[in-house]
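Dear colleague,

Please find the structure below, followed by an account of what was found in it. I would be grateful if you could read the two side by side.

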Amino acid sequence: MIRIPILPAIIVSAACATMIALGFWQLRRADWKEGLIVQYAAARSLPPMAYPAVPPMHDLPLFRRAIGLCLQVTEWRSVSGRNINGEPGWVHIARCRTGTEGPGLVVDAGWSRSPSNPVWKGGPVSGIITTDPQFVIRLVSDKPLAAPLQQSAPPSPSEIPNNHLAYAIQWFLFALIAAIIFLLALRWRPQS
């Protein structure tokens with residue numbers, strides 16, 4: 001008869017229960033993310049909105065068409081990105097004064113092979129809202145705003161990863177493996 005050590009059994013059982021709970025949590029996250037992607041895809045068909053002077057804290061208007069007015073470019077930065085044809089290069093992002101309170105307008109003015117700032121003083125902009133790591137959101141212009149820029153790749157909800165199902169499967173497998181290892185350890189444990 002195999003004697004089951006109580007403390008290791010409790011620890012392994014608690015660990016397995018935790019991993020299974022994490023697996024179910026990831027399944028719920030997968031459903032949530034799928035709903036979010038559907039919401040973002042639907043936002044593209046809504047009428048254009050004014051670019052928000054201050055980004056909302058919740059329910060960002062991501063993938064929504066928007067218009068804005070850049071009165072003056074106050075800062076440029078170049079980050080790696082792709083053009084509409086998928087070629088790698090530099091995306092040129094302008095921070096603009098809008099004459100309103102708030103952080104102003106952040107615009108992806110276009111793409112080029114060079115990180116050098118383009119010559120663009122401002123003006124009306126239309127495009128699609130996406131995330132920005134520094135300023136929460138930015139507007140990706142639907143056309144290049146200065147020569148010799150090309151159009152940047154427009155943001156798409158299809159690029160948002162939804163790998164929560166894979167994470168759930170991993171957690172369930174970890175729980176199964178832990179249980180199997182514990183059972184094998186019990187079987188090969190010397191009996192006293």
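Helices (H or I, at least four residues) and strands (E, at least two residues) are taken here as DSSP runs and numbered from the N terminus. The model is a predicted one, in which local features need pLDDT of at least 70 and side-chain atom pairs count only at pLDDT 80 or more, while totals for chains, interfaces and linings use all residues. Residue numbers start from 1 along each chain as its sequence is written, and side-chain values use heavy atoms, with hydrogens and water left out.

**Helix α1**

Helix α1 covers residues 6–43, and Q26 belongs to it. Q26 counts as buried because its relative accessibility is 8%; buried means under 20% relative accessible area, exposed over 50%, and partly exposed in between, with a 1.4 Å probe and protein chains only. Leaving aside residues up to four places away in sequence, Q26 touches H164, Y167, A168 and W171, where contact means heavy atoms within 4.5 Å.

**The sheet**

Seven strands form an open sheet with mixed pairing, in the order β1-β2-β6-β7-β5-β4-β3. At its edges are β1 and β3, each of which pairs on one side only. Two strands are said to pair if DSSP finds at least two bridges between them. Strands β6 and β7 run antiparallel and are joined by six bridges; within this pair, I128 stands opposite V140 in β7.

**Backbone features**

F63 has a positive phi, near 65 degrees, and is placed in the loop between β1 (49–50) and β2 (65–70). F63 is buried, with a relative accessible area of 5%. V136 also has a positive phi, near 75 degrees, but this residue is found in strand β7. V136 counts as partly exposed, since its relative accessibility is 41%. Separately, the peptide bond from A147 to P148 is cis, with omega near 0 degrees. P148 is placed in the loop between β7 and α2 (164–188).

**Pocket and cavity**

Rolling a probe the size of a water molecule over the atoms shows where empty space is left. On a 1 Å grid over the protein atoms alone, a cavity is a set of points where a 1.4 Å probe fits but cannot get out; a pocket is an open set with protein on both sides within 12 Å along at least five of seven lines; and lining residues have an atom within 4 Å of a point. Grid points are joined across faces, edges and corners, and a volume is the space filled by probe spheres set on the points.

The largest pocket holds about 290 Å³ of space. It is lined by 18 residues, of which T130, R138, A153, P155 and E159 are the closest to its centre. Two or more lining residues come from each of β3 (72–82), β6 (123–132) and β7 (136–141), and β3 gives the most, with four. The pocket lining has eight nonpolar, six polar and four charged residues; Ala, Val, Leu, Ile, Met, Phe, Trp, Tyr, Cys and Pro count as nonpolar, Asp, Glu, Lys and Arg as charged, and the others, Gly among them, as polar.

There is one cavity of 30 Å³ or more in the structure. The largest cavity has a volume of about 30 Å³ and is lined by Y51, P55, P103, G104, V106, F135 and I137. Its lining divides into six nonpolar residues, one polar and no charged.

With kind regards
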